[in-house]
Amino acid sequence: MAEGGRQRSFRLHNMSIPARPLEPALYLVATPIGNLGDITLRALETLAGADVLACEDTRVTRVLLDRYGIQNRPYAYHEHNADEAGPRLMQALEAGKSVALVSDAGTPLVSDPGYRLAQSAIEAGYRVVPIPGASAPLAALVGSGLPNDAFLFAGFLPTKDKARRDRLAGFVTVSATLMFFESPHRIAATLAAAADVLGGDRVASVCRELTKTYEEFRRGTLAELAAHYADVDSVKGEIVLVIGPPPERPVEAADVDAILTDLARTLPTSKAAAEASRLTGLSKKDLYQRLLDMKGGDGR
């Protein structure tokens, strides 16, 4: 039994499972993003065994705790009370207690104020333990069908149109799949801006209500998606917008010659060809020969 008579256990299929004692540390616990069945056994044990449980909204977390028979009492920690609640959680760590932090859904510290607490704990020398699990950006990425060898999660875009377009402009040349959180009320405007700034031919996916009953992946080019959502009266649910990397475009011969000429001003022929190959993706051997031809065949 825990202090105050609290039972440190969780329930699975009417079976009560005791939670082992936790070492003093800050535990960052991922929780389901919709389907409550997506919780991990390690997360349940951590939520049940922690001395202190902090969360964004106690009402939301209470639903999860009740589902799994966890008696731990959640305390609120969010952007509006972080200056007051944060020091109290740090005091608990100082007293040698285990502190678990959860967000309303998904992985803590991703687009929530939890990073401030984690940063403070790290600076104070306390152990920080991630308890991995559900993540909306990763669920959207793997369900979108878009390239996942390189990806960039950029959180929420600005709400004002000019600021939104300026932010998108910074991603034009990023050779990676882009992921954004977006409000259903702004998705049409965001898609229109993305099509204008990034190019209407970029392939994308609007991932809505992930893991929930009405989960939807709507795929197409940015232009097609922008046209679709411009005609939709009402969009509901939480959204992750996934945008594929820019399409590869052939390098023009004139551009290759300009690159070689510029590099050859400061580098030996072989090194200039190697750097040009890295920049263009073309064969180093072919670029070396091209540079020799441009120099008259003797490499000078």
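1. Helices and strands here are DSSP runs, numbered from the N terminus: a helix is H or I with at least four residues, and a strand is E with at least two. Ala188, for example, sits in helix H7. The structure is a predicted model, in which local features need pLDDT of at least 70, side-chain atom pairs count only at pLDDT 80 or more, and totals for chains, interfaces and linings use all residues. Residues are numbered from 1 along each chain as its sequence is written, and side-chain values use heavy atoms, with hydrogens and water left out.

2. Overall build. The protein chain has 11 helices and 12 strands. Its radius of gyration is 26 Å, well over the 19 Å that the globule rule gives for 300 residues, so the chain is more spread out than a compact globule. That radius is taken over C-alpha atoms, and the rule is 2.2 Å times the number of residues to the power 0.38. Along the principal axes, the C-alpha atoms fill a box of roughly 90 × 50 × 35 Å.

3. Burial and contacts. Buried means under 20% relative accessible area, exposed means over 50%, and partly exposed lies in between (1.4 Å probe, protein chains only). Of the 300 residues, 41% count as buried. A contact means heavy atoms within 4.5 Å. Among contacts with a separation of 6 or more, 68% are between residues 24 or more positions apart.

4. Helix H7. This helix covers residues 187-198. After H7 comes Gly199, with a positive phi near 110 degrees.

5. The buried side of H7. Its buried residues are Ile187, Thr190, Leu191, Ala193, Ala194, Ala195 and Leu198. They pack against helix H6 (161-169), strand E9, strand E10 (203-208), helix H8 (222-230) and strand E12. An α-helix has 3.6 residues a turn, so residues three or four places apart point the same way.

6. Back to Ala188. This residue is partly exposed, with a relative accessible area of 26%. Leaving aside neighbours within four places in sequence, Ala188 is in contact with Tyr229 and Ala230. Ala188 and Leu222 are 34 residues apart in sequence and 11 Å apart in space, C-alpha to C-alpha.

7. Arg208. Not counting residues up to four places away in sequence, Arg208 touches Tyr214, Glu215, Glu216, Val235, Lys236, Gly237, Glu238 and Ile239.

8. Two loop residues to check. His13 lies in the loop between strand E1 (9-12) and strand E2 (15-18). Asn14 is found in the loop between E1 and E2. Most residues other than glycine have a negative phi. Yet phi of His13 is positive, near 50 degrees, and phi of Asn14 is positive, near 65 degrees. His13 is exposed, with a relative accessible area of 80%. Asn14 is exposed at 74%.

9. The largest pocket. On a 1 Å grid over the protein atoms alone, a pocket is an open set of points with protein on both sides within 12 Å along at least five of seven lines; a cavity is a set where a 1.4 Å probe fits but cannot get out; lining residues have an atom within 4 Å of a point. Points are joined across faces, edges and corners, and a volume is the space filled by probe spheres set on them. The largest pocket holds about 940 Å³. It is lined by 39 residues, and Glu56, Asp104, Ala105, Gly106 and Glu238 lie nearest its centre. Helix H2 gives the largest share of the lining, 4 residues.

10. The second largest pocket and the cavity. The second largest pocket holds about 300 Å³. Of its 10 lining residues, Thr173, Ser175, Pro246, Pro247 and Glu248 are closest to the centre. The whole structure has 1 cavity of 30 Å³ or more. The largest cavity holds about 40 Å³. Its lining residues include Glu56, Tyr77 and Leu101.

How values were computed
The expected span of a helix is 1.5 Å times one less than its number of residues.
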